[in-house]
Amino acid sequence: MLDKISVVLVGTSHPGNIGSAARAMKVMGLTNLVLVDPACEVDGKTYALAAGASDVVENARIVSTLDEAIADCGLVIGSSARSRTLEWPQLDPRECGAKSIAEAGNHHVAILFGRERTGLTNEELQRCHCHVYIPANPEYSSLNLAMAVQTVCYEVRMAYLEQQKQGHSTVVEDYPRVDELEMFYEHLEKVTRQTRFINKNHPGMVMAKLRRLFTRARPEQQELNILRGILSSVEKSLENQGK
């Protein structure tokens, strides 16, 4: 179950933070680390702070884009330390752990952590199904990257142990992978531009709000296929009108 859950670090700028995050992961039984466009090299500082988790660092997957990191995932959770322009479905760390374990039996799960100084961008957070927020002391909420990873991974482990104690897995619906959702959003934007629902010169935040709508609804695989079929039907009607 834990093998299906990846910790994804985006744009990490300090090599020691990668090692500390790897150590935090391994203590809680997670070993799949993905580095997205790191702004530093994996070096001696990384391995020094990884301590006994050097194998997690050595086996880390390094990719250039977030899309590569999460393409095959059925659930993506992004860590966010502040409110955003558009509110997104939000979890606390305990809910994040429970949801991750509940869905890991059916598909890969990714938990994203952003840059040390600025976190994840709005665009990156919009790639997520939900956000996880650590309710730290508002008067002193300074969490470093490894602390945040440790907190969330601890809750994942506690949810895993609880499931083992119960002796059964939660049945989860068949949800589409992230790359399939992205193809749907591209298709949706294409059709809404063709019908002039979206003005290409002034698109506004329509697509961002539609992403939030479908993220909240979270269509299952068959439902997504129906939506893609409707879009294809609209395209054919537009082609026939042009003949």
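Helix H5 (residues 93-104) and helix H7 (residues 145-166) have axes that come within 8 Å and cross at roughly 50°. This is a predicted model: local features need pLDDT of at least 70, side-chain atom pairs count only at pLDDT 80 or more, and totals for chains, interfaces and linings use all residues. Residues are numbered from 1 along each chain as its sequence is written, and side-chain values use heavy atoms, without hydrogens and water.

**Helix packing**

Helices (H or I, at least four residues) are DSSP runs, numbered from the N terminus. Axes are lines fitted to C-alpha atoms over the stretch in contact, with angles from 0 to 180 degrees between N-to-C directions. H5 and H7 are therefore oblique to each other. Angles under 35 degrees count as roughly parallel, over 145 as roughly antiparallel, 65 to 115 as roughly perpendicular and the rest as oblique. H5 passes H7 in a right-handed crossing; that is, the near helix is turned clockwise from the far one by less than a right angle.

Contact means heavy atoms within 4.5 Å. From H5, the residues include Pro93, Arg94 and Cys96; H7 answers with residues including Thr151, Val152 and Glu155. The residues of this contact divide into eight nonpolar, four polar and two charged. Here Ala, Val, Leu, Ile, Met, Phe, Trp, Tyr, Cys and Pro count as nonpolar, Asp, Glu, Lys and Arg as charged, and the others, Gly among them, as polar.

Helix H1 (residues 15-27) also packs on H7, at about 15° with axes 8 Å apart. H1 is thus roughly parallel to H7. Their crossing is right-handed. Asn17, Ser20, Ala21, Ala24, Met25 and Val27 of H1 touch Leu145, Ala146, Val149, Gln150 and Cys153 of H7. Eight of these residues are nonpolar, three polar and none charged.

**Pocket and cavity**

On a 1 Å grid over the protein atoms alone, a cavity is a set of points where a 1.4 Å probe fits but cannot get out; a pocket is an open set with protein on both sides within 12 Å along at least five of seven lines; lining residues have an atom within 4 Å of a point. A volume is the space filled by probe spheres set on the points, which are joined across faces, edges and corners.

| Space | Volume | Lining classes |
|---|---|---|
| Largest pocket | about 590 Å³ | ten nonpolar, nine polar, five charged |
| Largest cavity | about 130 Å³ | eight nonpolar, three polar, four charged |

Of the 15 residues lining the largest cavity, Arg127, His129, Leu181, Tyr185 and Thr215 are closest to its centre. H8 gives the most to this lining, with four residues.

Conventions: Helix = DSSP H or I, 4+ residues; strand = E, 2+ residues; numbered from the N terminus.
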